[in-house]
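Please look over the sequence and the structure before reading on.

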Amino acid sequence: IDLVHASCTCRTVQMSDEWCTIESDPGVFTQLCEEIGVKGVQFEEIYSLGPEAFADLEAEKIYGLIFLFKWQREADPRPTLEASELGIFFAQQVIHNACATQAILSALLNAEKLDVGPNLTSFKEFTIGLDPQMKGLAIGNSEPIRKAHNSFRQQSSFEIVHDKDEKGDAFHFVCYICHEGKVYELDGLKAGPVFIADVPAGTNWADKAREELQRRIEAYTQKTAASGAEGAEGAAELRFNLMAIVANRLHEAEKDIARARFLRHRAHISLVSRDEEVELLDEVDDDDAPADIPSFEDLLEKEIPAIKAIVEDCTKKISELSPVVEAEQKKRQKWMKENSLRQADLVPLALCAMRHLARKGQLVAALEKGKEVHQKRIADKQAASA
């Protein structure tokens with residue numbers, strides 16, 4: 001599987017030219033959700049479709065899967081269902097270039113126990129009685145959603161006009177969700193949800209979606225290979241990208257560390273009250289402690305060794321989670337930097353640099369070096385995803 005970062009260029013009814021194409025990237029999608037008002041999620045790329053694909057993710061904190069694939073016009077024999085009868089939010093895609101955002105919204109608006117923020121909460125309430133096509137129109141007319149989507153519009157000093165007859169690869173986004181113990185595929189180009197599988201108790205629902213994706217990719221690959229064998233034109237390589245919408249790892253780790261600090265603080269106070277010598281490590285206001293941690297009265301009922309074991313467990317947990325916080329903070333700094341570059345017009349800088357290199361007679365050499373670096377970067381990415 002060649003996992004790619006591709007822009008969404010879906011073939012839909014072109015009702016509006018106000019929606020730009022956006023890149024399939026976890027940093028882009030995470031910031032998109034935050035700008036819409038959803039604070040508790042992030043996107044993680046899935047680099048494998050093997051049994052280990054979701055091993056590091058908690059099933060109850062996977063809110064949806066976003067699948068990007070090379071779109072081909074073909075009949076799909078799978079029946080669609082009536083979303084309203086299932087209690088599923090489903091919108092048909094009627095806005096050109098909106099399939100990435102629409103796939104994300106389909107996952108978020110069907111996620112249980114997820115605070116999607118005031119904008120999406122109001123949107124879901126407003127569209128609850130609308131049919132799928134009208135829901136799609138409502139997405140296109142939602143100012144907060146369109147504004148967040150178009151914040152990733154690429155800035156350029158030049159307008160590139162493409163030949164109307166020029167044909168390029170088309171990519172499309174769909175999402176997979178778990179609703180009431182069943183996995184569904186939500187594709188805005190279809191009439192309704194597609195049932196995928198029942199989820200056995202105690203299993204990760206994402207594995208059922210993974211099995212469906214494997215089947216789908218194998219079918220595409222076989223069809224492409226057959227087309228190539230027959231000498232058909234356009235038997236091109238098929239490319240895919242898969243992301244999971246998960247709970248915000250930074251927030252989760254910080255919350256768990258805060259809980260451990262409050263509990264350790266109470267345990268230390270309990271030991272001090274029993275004339276044990278301890279060093280108070282946590283400067284916290286006990287009034288802000290979570291309601292689910294043991295109270296001082298609960299701790300007084302425990303023996304001293306048990307209290308010390310609580311302190312050790314809390315200290316260990318804090319030590320384990322601190323690197324997670326640091327890694328997630330670095331990841332977000334990287335995302336912010338990359339998103340800033342995506343939203344900046346770098347053409348004047350590139351032209352200025354080329355002009356100076358040409359004056360010094362170094363432009364051709366710099367171009368060749370740039371090609372080598374680019375090819376190495378592609379090779380490294382392919383090796384990492386192999």
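**Basis and overall content**

This is a predicted model, in which local features need pLDDT of at least 70 and side-chain atom pairs count only at pLDDT 80 or more, while totals for chains, interfaces and linings use all residues. Residues are numbered from 1 along each chain as its sequence is written, and side-chain values use heavy atoms, with hydrogens and water left out.

The protein has twelve helices and seven strands; these are DSSP runs numbered from the N terminus, with H or I over at least four residues for helices and E over at least two for strands. Of its 386 residues, 41% count as buried. Buried stands for under 20% relative accessible area, exposed for over 50%, and partly exposed for values in between, with a 1.4 Å probe and protein chains only. Among contacts in the protein with a separation of 6 or more, 78% are between residues 24 or more positions apart; a contact is heavy atoms within 4.5 Å.

**Helix packing**

Two packed helices are described by the angle between their axes and the distance between the axes. Axes are lines fitted to C-alpha atoms, for helices over the stretch in contact, and angles run from 0 to 180 degrees between N-to-C directions.

| Pair | Angle | Axis distance |
|---|---|---|
| Helix 1 and helix 6 | about 150° | 9 Å |
| Helix 8 and helix 10 | roughly 155° | within 8 Å |
| Helix 1 and helix 3 | roughly 65° | within 11 Å |

Angles under 35 degrees count as roughly parallel, over 145 as roughly antiparallel, 65 to 115 as roughly perpendicular and the rest as oblique. Helix 1 (residues 26–36) and helix 6 are therefore roughly antiparallel to each other. Their crossing is right-handed; a crossing is right-handed if the near helix is turned clockwise from the far one by less than a right angle, and left-handed if anticlockwise. Between them, L32, E35 and I36 of helix 1 meet I145, A148 and H149 of helix 6.

Helix 1 and helix 3 are roughly perpendicular to each other, and helix 1 passes helix 3 in a right-handed crossing. Here F29, L32, C33 and I36 of helix 1 meet A100, T101, I104, L105 and L108 of helix 3.

Helix 8 (residues 249–272) and helix 10 (residues 304–342) are roughly antiparallel to each other. Helix 8 passes helix 10 in a left-handed crossing.

**Cores and helix 5**

A nonpolar core is a set of buried Ala, Val, Leu, Ile, Met, Phe, Trp, Tyr and Cys residues joined through side-chain atoms within 4.5 Å. The largest has 49 residues, and F29, I66, L108 and L120 have the most contacts inside it. Helix 3 gives the largest share of this core, seven residues. Apart from it lies another core of 28 residues, including F54, A170, V199 and A244. Not counting residues up to four places away in sequence, F29 touches I22, E23, S24, F43, A100, I104, F173 and M243.

In helix 5 (residues 132–140), the residues P132, K135, G136, A138, I139 and G140 are buried. Their cover includes helix 3 (99–108), helix 4 (117–127) and helix 6 (143–150). At the start of helix 5, a side-chain oxygen of D131 comes to within 3.1 Å of the backbone nitrogen of Q133.

**Single residues**

F89 is in the loop between helix 2 (83–86) and helix 3. With a relative accessible area of 5%, F89 is buried. Leaving aside neighbours within four places in sequence, F89 is in contact with S106, L109, N110, F123, T127, K135 and L186. The C-alpha atoms of F89 and I128 are separated by 7.9 Å, and the two residues are 39 residues apart along the chain.

E45 belongs to strand 2 (residues 41–45) and counts as buried at 17% relative accessibility. Its side chain has a polar contact of 3.1 Å with the side chain of Y47 and a polar contact of 3.0 Å with that of N241. A polar contact is a pair of N or O atoms within 3.5 Å; within protein, one must be able to donate a hydrogen and the other to accept it, and residues adjacent in sequence count only if both atoms are side-chain atoms.

E180, in the loop between strand 4 (171–179) and strand 5 (182–186), has a positive phi of about 55° although it is not a glycine. At 63% relative accessibility, E180 counts as exposed.
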